[in-house]
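Dear colleague,

Please find below the structure that I am handing over to you.

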Amino acid sequence: MSDKKYSIIAVLDTIEDKLIQQSLELIVFASSFAAGDLSTALVVVPGKSVMKLCESITEKYLIDTAAIEHDELYYPNPELLAELLYGTIGEYSPGLIIFTHTVRNSQCTAKLSVISKSSTVTAVESFIRDGETCIFQRSIFNGKLKINQRLNALLKIVTVLAGTYTLEEDTVSYKSNASVNAPAYCPAPASRSGAKHYGYKPISLSPEALGGVKLEDADVIISAGRGIGKEENLSLISETASIFENAAVGASRPICDQRWLPFNQQVGITGRTVSPKLYLACGISGSQQHIAGMKNSQCIVAINKDPDAAIFSVSDYIIVEDLIYFLPVLIRKYRDIYEKE
Amino acid sequence: MKILVCVKQVADIDSNLKINDTSSWIEENTKIAYRMNRYDEYALEEALLIKDVLPGTTVDVLSVGPARAVSTVRKSLEKGADKGIHIICDNPALPAFDTASLIAEYVLDKQYDIIFAGVVSEDMMQSQVGPMIASLLSMPSAVNVVKSELINNLTALSVKSELEGGIIENIEVALPCLVTIQTGLNLPRYPSLSNVMRARSLQITTINSEDLKKTQSCVEILSIEYPPVSSKGTILTGSIEEKAVKLLNLFHEKALI
Ligand SMILES: Cc1cc2nc3c(=O)[nH]c(=O)nc-3n(C[C@H](O)[C@H](O)[C@H](O)COP(=O)(O)OP(=O)(O)OC[C@H]3O[C@@H](n4cnc5c(N)ncnc54)[C@H](O)[C@@H]3O)c2cc1C
Ligand SMILES: Nc1ncnc2c1ncn2[C@@H]1O[C@H](COP(=O)(O)O)[C@@H](O)[C@H]1O
């Protein structure tokens with residue numbers, strides 16, 4: 001291990017030693033935080049055997065990397081990762097450690113911040129730096145409001161909302177003469193290897209259950225949110241879908257939670273990621289988790305009775321109406337105008 | 001089995017929230033509907049389901065919050081919890097570490113086998129309080145749980161934790177532990193009449209947060225603000241019929257109908 005100090009440490013995500021590509025966005029955040037100078041930034045890659053991965057990242061982004069390896073990091077293991085990070089990165093004396101915002105990484109930051117007595121903020125969307133102090137901004141109340149928080153501990157731990165610092169090939173400034181170190185290797189302290197004493201043991205991964213409608217294949221997705229009010233009103237959604245040739249019905253999480261539709265029709269970060277020609281969101285507020293699954297649709301239309309609904313910020317067409325009244329009118333007008341042709 | 005459920009009272013997001021004069025938090029007034037954090041309803045139900053099948057199980061509920069939060073504790077008792085604890089704290093915008101410290105301080109000598117919390121609070125959205133409580137108490141935690149089951153002679157939980165993309169990770173966690181519950185893993189019950197009657201006779205333990213406070217986090221909440229209106233979208237105008245026709249024209253132009 002080199003004795004170099006780093007001001008920012010970015011912890012990437014892997015599953016079964018494969019990199020979650022989106023976590024590379026952290027390099028963009030780090031670059032922005034360090035005003036373009038990545039020479040004191042270190043990328044940490046946890047996994048079972050990830051030195052090769054580190055090398056490829058160092059080569060591609062000209063940034064120092066370090067592998068934190070442990071057999072039990074083959075599957076995500078936030079409990080163990082927090083301990084290992086605490087044990088290994090201390091000597092780099094970083095001021096900031098960043099993760100991609102996920103519930104798992106929030107578990108890791110919670111533990112890391114308790115054991116290292118540092119301060120933490122999760123799901124950060126932006127920051128303002130003023131000398132040593134730094135103010136982080138994030139959403140509260142499902143995006144209805146924003147909050148500004150300042151971290152005062154010497155070590156600050158942040159999870160960054162995915163999709164806010166996007167990785168375009170040219171956003172990270174490469175310095176051709178940058179001198180990067182060969183990846184550092186931080187094996188887990190021997191006493192810990194294979195230990196079960198955390199009381200936390202990942203066993204296996206199961207892929208999501210497939211089957212039923214294939215949202216990914218539909219040209220048009222009509223999605224129902226909590227705003228439909230009652231299960232009976234799902235018929236309005238399916239009737240609306242029936243005016244299109246190749247349409248499927250999707251939903252936000254609460255609809256699936258209530259078993260009104262099966263979970264494989266859920267759109268969002270823990271459901272499907274879709275990019276149809278048309279995404280029609282009916283009574284969906286536009287939480288970060290939902291938007292993550294549909295923001296790449298070619299055309300987004302949202303119907304919501306709240307003119308300030310967050311879904312409108314990603315919509316191409318905005319309809320402020322009560323869907324219970326609007327959808328029947330839409331269907332009737334369709335029949336009047338198009339079915340008579 | 002001795003179980004604790006952490007329940008938070010939150011302002012309903014559809015209550016037309018306004019920022020207060022000092023921009024420190026929302027304006028708390030009588031027009032706001034307060035209710036139990038949705039994730040915590042599922043956490044409570046998960047605890048009650050264990051109580052239903054395992055004789056001798058007790059379910060305590062704990063909430064940190066202003067005076068109003070007592071109604072959420074009461075609601076939990078009506079659903080079937082045995083004991084309610086209200087840690088009174090006037091600051092409704094407490095950083096996660098402070099909330100977790102208060103709860104951990106209370107829990108310290110109580111010997112719970114399982115602590116349930118929600119994945120996230122709908123107001124502060126931190127996903128920190130649960131795992132922070134666990135760390136403060138040096139117990140393992142599992143988060144974002146969509147299924148949980150007692151195994152190994154009631155000494156461990158086998159849980160399914162949901163990852164991004166809907167992948168499920170199967171994990172075993174030894175008791176005592178803390179688990180944060182995702183929505184959808186059960187169907188929260190409504191209070192039964194008999195439980196509502198029973199709850200009336202139950203005393204809620206109130207504790208002043210100052211009496212539990214040991215440390216303070218280094219997180220400062222500076223202000224809250226409205227998000228910038230950043231929509232680049234076209235607002236369809238006119239009567240409801242006109243909007244419908246405009247939308248259909250659009251679908252037609254895009255050759256969708
Ligand atoms: C780890 C994690 C993962 C998650 N994953 C997902 C996911 O994959 N997908 C997902 O969707 N969510 C997910 N969620 C949940 C997410 O945070 C939100 O709670 C959820 O998306 C809200 O769904 P909604 O918009 O339907 O409901 P609400 O937020 O309750 O919104 C309902 C909307 O309907 C409007 N409305 C009400 N009545 C009417 C009417 N009559 N006409 C028109 N509009 C009306 C309201 O104005 C409101 O905007 C996840 C959460 C967590 C913590
Ligand atoms: N004030 C509180 N009182 C009781 N439980 C809380 C409180 N704040 C948070 N929690 C618990 O912690 C979970 C996550 O909250 P948060 O970390 O704020 O997203 C909630 O779902 C609750 O179970």
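**A buried glutamine in chain B**

B:Gln9 has a relative accessible area of 5% and is therefore buried. Please bear in mind throughout that this is a predicted model. B:Gln9 belongs to strand β2 of chain B, which spans residues 9-11. Its side chain takes part in two polar contacts that I would point out to you: one with the side chain of B:Ser71, at 2.9 Å, and another with the side chain of B:Thr72, at 3.1 Å.

**The site of ligand 2**

Ligand 2 has 19 residues around it, and those that come nearest are B:Cys6, B:Asp40, B:Val64, B:Ser121 and B:Ser127. A backbone N or O atom of B:Gly118 is 2.8 Å from an oxygen atom of ligand 2, and the side chain of B:Gln126 places an N or O atom 2.9 Å from an oxygen atom of the ligand. On its own, ligand 2 has 480 Å² of accessible area, of which the protein covers 98%.

**The site of ligand 1**

The site of ligand 1 is shared between chains, because residues from chains A and B surround the ligand. There are 32 residues around ligand 1, and A:Arg226, A:Ser252, A:Thr270, A:Ser285 and A:Asp322 come nearest. Sorted by class, this shell holds 10 nonpolar, 16 polar and six charged residues.

The side chain of A:Gln266 has an N or O atom 2.9 Å from an oxygen atom of ligand 1. A polar backbone atom of A:Val267 is 2.8 Å from a nitrogen atom of the ligand. The side chain of A:Ser287 has an N or O atom 2.9 Å from an oxygen atom of ligand 1. The protein covers 91% of the 980 Å² of accessible area that ligand 1 has on its own. The elements that contribute two or more residues to the shell are α6 (253-257), α7 (288-294) and α8 (323-339), which belong to chain A.

**A sheet with strands from two chains**

Strands of a sheet pair through backbone hydrogen bonds, either parallel or antiparallel. One open sheet in this model has six strands in the order β14(A)-β13(A)-β15(A)-β16(A)-β17(A)-β13(B), and the pairing is parallel. Its edge strands, each pairing on one side only, are β14 (247-251) of chain A and β13 (234-235) of chain B. Where the two chains meet in this sheet, strand β17 of chain A (residues 317-320) runs parallel to β13(B) and is joined to it by two bridges. There, A:Ile318 stands opposite B:Ile235.

**Strands β4 and β5 of chain A**

Strand β5 of chain A (residues 64-69) is mostly covered, with six of its six residues buried. The cover extends to both faces: A:Asp64, A:Ala66 and A:Ile68 are buried on one side, and A:Thr65, A:Ala67 and A:Glu69 are buried on the other. Strand β4 of chain A (residues 41-47) runs parallel to β5(A), and six bridges join the two. In this pair, A:Val44 stands opposite A:Ala66. Between the two strands the chain passes through helix α2 of chain A (residues 51-61), and this β-α-β crossover is right-handed.

**A strand of chain B with two partners**

Strand β7 of chain B (residues 141-151) is joined by three bridges to strand β10 of chain B (residues 177-181), and these strands run parallel. B:Ala142 stands opposite B:Val179 in this pair. β7(B) also runs antiparallel to strand β8 of chain B (residues 156-162), to which six bridges join it. Here B:Ser148 stands opposite B:Val159. The hairpin of β7(B) and β8(B) has four residues between the strands, and B:Asn152 takes a positive phi near 45° in it.

**A buried lysine in chain A**

Finally, A:Lys146 is found in strand β9 of chain A (residues 145-151). This lysine counts as buried because its relative accessibility is 12%, and the cut-off for buried is under 20%. A:Lys146 and A:Ser313 lie 167 residues apart in sequence, while their C-alpha atoms are 14 Å apart in space.

With kind regards

Methods. Residues numbered from 1 in each chain as written. Chains lettered and ligands numbered in written order. Predicted model: local features only at pLDDT ≥ 70, side-chain atom pairs only at ≥ 80, totals over all residues. Heavy atoms only, no water. Near = heavy atom within 4 Å. Polar contact = N/O pair within 3.5 Å; in protein donor to acceptor, adjacent residues only side chain to side chain. Areas by Shrake-Rupley, 256 points an atom, 1.4 Å probe, with all protein chains shown as cover. Nonpolar A, V, L, I, M, F, W, Y, C, P; charged D, E, K, R; others polar. Buried < 20%, exposed > 50% of the residue type's maximum accessible area, 1.4 Å probe, protein only. Pairing = 2+ DSSP bridges. Right-handed = clockwise from strand over helix to strand, strands pointing away.
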